[in-house]
Amino acid sequence: MTKTQVYLPKEDLSALHDLAKRSGKSVAELIREAIRRTWAPPRARGPVALWDGPVRSHGADHDTIYDKP
């Protein structure tokens, strides 16, 4: 990690210190988390599950949803 300085208004810094105390995290960790969430989210690695319900059909027969009963 690299150390850096950031200039913040007193109100923002006070709010960060209050949040850090309540959350049990350091001010630096809160800032890192905010940066990751807002500006630099981690890239997804590998497949991402979009559905966790029962599998009703397979990819090989995806056109069957257009079959009329």
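Here is a short tour of a predicted model, stop by stop. Residues are numbered from 1 along each chain as its sequence is written. Local features need pLDDT of at least 70 and side-chain atom pairs pLDDT 80 or more, while totals for chains, interfaces and linings use all residues, and side-chain values use heavy atoms, without hydrogens or water.

Start by selecting residues 10-23, helix H1 (a helix is a DSSP run of H or I, at least four residues, numbered from the N terminus). Its end C-alpha atoms sit 20 Å apart, which agrees with the 20 Å its 14 residues should span at 1.5 Å a residue (1.5 Å times one less than the number of residues).

Where do they meet? Show Leu16, His17, Leu19, Ala20 and Ser23 in H1, which touch Val27, Leu30 and Ile31 in H2 (heavy atoms within 4.5 Å).

Methods: Axes are lines fitted to C-alpha atoms, for helices over the stretch in contact, and angles run from 0 to 180 degrees between N-to-C directions. Helices (H or I, at least four residues) and strands (E, at least two) are DSSP runs, numbered from the N terminus.
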